[in-house]
Amino acid sequence: PNLALKSPSLKLRTTNSFGLPASVELYNVEAVNDKDSKSTPVTFSAGTNPFYIAYPPSIGLFAKDTVIFDKTTTNLYDALSTAPNKINYGIRAFSNPDGRIATKPNYITDASNLNVVLDVEIPLELHSARIEFNDTIDLDLSDIPDPEKIKSLLLHSAFDNGMPVNLDLQVYMLDENYAHVDTLFGPQVDTSIKSGELDQNGKVIKSTKKDLDVQYTQSEINKLQSVRYAIVRAGISTKDYDKNTFVKFYSNYTINAHFAVQTELEINE
């Protein structure tokens, strides 16, 4: 798969004030990727779903319980490798699933309730062969001088990659209506940026920097004056993905992009 998560899990937490044996079942669970119109059923190992939940021993009390499904008891690993944007599921409960036991009386009050919470836990430790990231930024070039007075124009890009991923970049310049004006890098430009430097624990300890310059001729400058925004598009692959190496992501990791315009003017005295 393009995206592989190391240890995803489903965690189901129950708070129960019904005084009787009960079980809960997850059903019609599926990982849905709306972009690709694809859904993948999440299946469970035999004997794991439905499952028993704790119940209180007397009136006025409640019992909490937690059940965790991971890649050893479900196909969640494969389902999440499809890069879904949502998880659909149903939950139902059964009272006295093994039949009523005469020596254990049940009780229910008007305040009895069962609260069920399902969490999908995805630790940010993964490997990916190729996923795509897009971000729209402001890039107002309206203050470029009169093109007839410009001898040359250089658009400078500076990238700082502090993440454990290799990048393949392209920048699309847009006008005020977000219509395409120009594509920054031609096919001859190497826009690949290596991953940040990792320590022995797989944590980034030093970012990787790369500067890219694009020279514009006088005849190409006119259209740049209409640029107001840019889409930065990055093809992303994790470091050593071909070796199935998992990398960790932390909240302080960043990727920064900066743009500047340098012009050389013709001054007629």
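**Close-up 1. What the lining of the largest pocket is made of.** The lining residues split into 18 nonpolar, eight polar and six charged; here Ala, Val, Leu, Ile, Met, Phe, Trp, Tyr, Cys and Pro count as nonpolar, Asp, Glu, Lys and Arg as charged, and the others, Gly among them, as polar. This is a predicted model, where local features need pLDDT of at least 70, side-chain atom pairs count only at pLDDT 80 or more, and totals for chains, interfaces and linings use all residues. Residues are numbered from 1 along each chain as its sequence is written, and side-chain values use heavy atoms, with hydrogens and water left out.

Close-up 2. A pocket is an open set of points on a 1 Å grid over the protein atoms alone, where a 1.4 Å probe fits, with protein on both sides within 12 Å along at least five of seven lines; lining residues have an atom within 4 Å of a point. Of the 32 lining residues, Ile 131, Glu 132, Phe 133, Ala 234 and Ile 236 lie nearest the centre. Strand β10 gives the largest share, five residues.

**Close-up 3. The open sheet β17-β11-β20.** These three strands pair antiparallel; strands are DSSP runs (E, at least two residues) numbered from the N terminus, and two of them pair if DSSP finds at least two bridges between them. β17 (208–216) and β20 (255–265) are the edges, each with a single partner strand, so one side of each has no neighbour in the sheet. Eleven bridges tie β11 (residues 150–161) to β20, with Ile 150 partnering Leu 265 of β20.

Methods:
Helices (H or I, at least four residues) and strands (E, at least two) are DSSP runs, numbered from the N terminus.
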